[in-house]
Each structure stands twice: as structure tokens, then as C-alpha cells.
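My notes follow in the order I took them.

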Amino acid sequence: MNDQPIVLGIETSCDETGVGIVRGTTLLADAVASSVDEHARFGGVVPEVASRAHLDAMVPTIRRACSDAGMALSDIDAIAVTAGPGLAGALLVGVAAAKALAIALDRPLYGINHLAAHVAVDQLQHGPLPEPTMALLVSGGHSSLLLVPDVTNDIRSLGATVDDAAGEAFDKVARVLGLPFPGGPHIDRMAVDGLITIEFPRGLSSSRDMQEHRFDFSFSGLKTAVARWVEAREAAGEAVPVADVAASFQEAVVDILTRKAVLACKEHGVDTLVIGGGVAANSRLRSMAEQRCAAAGITVRIPRPGLCTDNGAMVAALGAEMVARGRAPSSLAIPADSSMLVTEVSAREGLM
Ligand code: KG4
Ligand code: ZN
């Protein structure tokens, strides 16, 4: 018998309705319904469309997770939910569902931070996180370097993007290249057949920037540089070498992400780097991180792609770690906090 608590996690911060169930660090179910196809024609996530899709998908996704795990809701010991950051209306659907379950089942509620969950999920695949761990989170909404002494209550931000997130840059460049939304996976695929022939700028890497923005990122200048380069070819009546542009752009993003992540590990004396968020699915990011970390004596841990993109298992994983460490549950009065700071691992009571 395994007496570790069973935790159900709900994720609705963006366009994925995720419900995961874990026992300790063992994944039992990871049901995800995505509304990404409904946003594709707009070239980005439309908040109101996402909220409505969460409402439709919530109950069926909870049912599917329970059935995949072979259990009834009454078997669940605690409920965890993404309280922020994310789209306000989308978060509200998950937070309301989690509160309803916590009340109906009379179980504790853990309102947790989405970014911390992206870090904690790695425990489901690679076991307990060393303390401290360095985390590079790269998604459509975030690009952050985090020093993580304790994923349940001590996360420190070393740097973040000052403009576009890494995934946002992939999506915008994909659009310039005529590739569908979300663009990251398409650029990744195109780049395989491309050559790195164009030297695109690496944002915030000059010696001055390395003083003022040592662990910050900037992708907006890179995105503009790609757009100008493509426009110049088109204006000259030349064909755009899409695969080469994709490979060169991807190289610029991955180079700066891994360079700063390795530097952060070295300067803070941390020997483990976890990479999470949707962009962590990128094949070049995975291979360059492995090469550079190996050369620097750093262990790199990247969850499988399905655990990198938004899902409920990551929320359940962090909830289970909170339970295991005896962290206090949240009040039923916690708000959905669209701008929740990464340094707040759990939600605090506030006005709703
Ligand atoms: O974590 P996620 O699923 O949702 C957010 O919280 O944003 O990340 C989605 C982002 C999108 O921008 C998508 O283009 C990007 O992750 N992405 C990728 C890859 N797969 C997904 N970017 C680069 N290469 C990939 N293979
Ligand atoms: Zn995310």
C-alpha cells in the first residue's frame, strides 16, 4: 500500500484545460483539453474564447482524469489549482471549480503559482529536485531565470524578459514566415532542414547590458530583425529561404537562453538546471542545453514535452509537494490573481 496523499491539480491559466492526478511524485492521470485550434485564426489566444472553452471542458476533463487514474473524486485527498499568473477570466474558471470541489469533498485547497508548477513538474519524471535548483522557464507568456532554494516557498527571480516572451517570439516570427499558430513547433520542424546562415542579434548581451540586465532577456529586437530581413528579400523579389531563417532565428533564441542559464548556475554555485514551459519542447534548446551544461559540469533536467506545455499534472505535482512538506492550505477566499508574482508560490487571501 502507498499512503502518500493523492492530489488533483487544475490548470486553466491560458488555453489548456488541464486536470492531473498524482500520488506523491507518481503521475496517475494527465488529462488536457486545448482550445488552441479556436485561437489559430486570430494568431494568438483570445481571452474570452479561452474562458468559455474552459467552462465547456472543465467537468469532462475532471471526469477523464478520474477515469484514467481509475479512481473516484472521493479518493482525492487535496485539490490544487493555478491561482495565477495568467488570463483573469480563464484562471477564474479553474479557481471556482477547485473551490467547489474542495467544499463538496471537504478537502484542503492549495492555490498555487503557475510558474512554480512548471518547475515542480520535473519531479514526476526525474525525482526530487536538488536544493537549490536553477530554473529556466520559457513559454508563450514567460521567460524567466529563477533560483529555487525550495519550490514550495522560496523562489527568487534572477531575470526575465523585458519585452516579448521566448514563445511569443517564436509565434510572431512564424507568422512572418507564413507558418501556422502556435509557431514554435513549426519553426522547430522547419529548422531541421535549414542552415544557420544569418547572424541575428542576441538581445541584452552587450557588455553594458550584461551589467544592467545580466539575467534578463529581450526578444523584441530579434523579432523585428527577422521581419526586416524577410521584407528586404521580398522587396528585392527574391525567394525567402524559410528553413534557413527559421534555423538562424531559433539559434539566436536558444544561444542566449542557454548562455545566460549556464552563467546563472555558475555564478550562484548551482549544479542543476531545470528547463520548463512550452519552448522547452524545442529540439535545439534541448540539445544545446545538454551540450553546454555537460561542458560546465551542470546536470540539466528537461521534462518530456507533454509535461513542459501547460497541464494539470504540474499543478498536482506542486500541490503534492506542498502537502508532503506540511505547507498550510489556502483559504477558500483566495482570488484568481492574473499578475501573481513568481516569488509568491501560494495564493494569499484577498478581495475577490
Ligand atoms: O507553456 P505553454 O504551453 O503555454 C504558455 O504558458 O504560454 O507554451 C506555449 C508556447 C508557444 O509560444 C509555442 O509556440 C511554444 O510554447 N512552443 C515551442 C515549441 N513547442 C511549443 N517553441 C519552440 N519550439 C517548440 N518545439
Ligand atoms: Zn505555462
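The model is predicted.

**Pocket.** I started with the largest pocket, which holds about 1,000 Å³ of space. I counted 35 lining residues. Ser139, Gly140, Gly141, Asp171 and Pro182 are the ones nearest the centre. Which helix gives the largest share of the lining? I found that H6 does, with 6 residues. Helix H6 spans 166-176. H4 and helix H7 (184-192) also supply at least two residues each. I sorted the lining by class and got 16 polar, 11 nonpolar and 8 charged residues.

**Zinc site.** Next I looked up the zinc ion (ligand 2). Its protein donors are His114 (NE2), His118 (NE2) and Asp310 (OD), at 2.1 to 2.2 Å. Why is the arrangement irregular? The 4 donor atoms subtend angles of 90 to 152°, and a tetrahedral call needs all angles between 85 and 135 degrees. Histidine 118 sits in helix H4 (residues 114-120), while aspartate 310 is in the loop between helix H12 (305-308) and helix H13 (312-324). The two are 192 residues apart, so I noted the pair as a link between distant parts of the chain. I checked burial too: histidine 118 and aspartate 310 are both buried.

**Hairpin.** Last, I traced strands E7 (residues 143-150) and E8 (residues 154-160). They pair in the antiparallel sense over 5 bridges. The two form a hairpin, with 3 residues between them. I found serine 144 opposite alanine 160 of E8.

Definitions and conventions: Residues are numbered from 1 along each chain as its sequence is written. Chains are lettered from A and ligands numbered from 1 in the order in which they are written. This is a predicted model: local features need pLDDT of at least 70, side-chain atom pairs count only at pLDDT 80 or more; totals for chains, interfaces and linings use all residues. Side-chain values use heavy atoms; hydrogens and water are left out. Two strands pair if DSSP finds at least two bridges between them. Helices (H or I, at least four residues) and strands (E, at least two) are DSSP runs, numbered from the N terminus. Donors are N, O and S atoms within 2.8 Å of the metal (3.2 Å for Na, K and Ca); water is not among the atoms, so sites may look incomplete. Four donors count as tetrahedral if all angles lie between 85 and 135 degrees; four count as square planar and six as octahedral if opposite donors are over 155 degrees apart and all others between 65 and 115; anything else is irregular. Buried means under 20% relative accessible area, exposed over 50%, partly exposed in between (1.4 Å probe, protein chains only). On a 1 Å grid over the protein atoms alone, a cavity is a set of points where a 1.4 Å probe fits but cannot get out, and a pocket is an open set with protein on both sides within 12 Å along at least five of seven lines; lining residues have an atom within 4 Å of a point. Grid points are joined across faces, edges and corners, and a volume is the space filled by probe spheres set on the points. Ala, Val, Leu, Ile, Met, Phe, Trp, Tyr, Cys and Pro count as nonpolar, Asp, Glu, Lys and Arg as charged, and the others, Gly among them, as polar.
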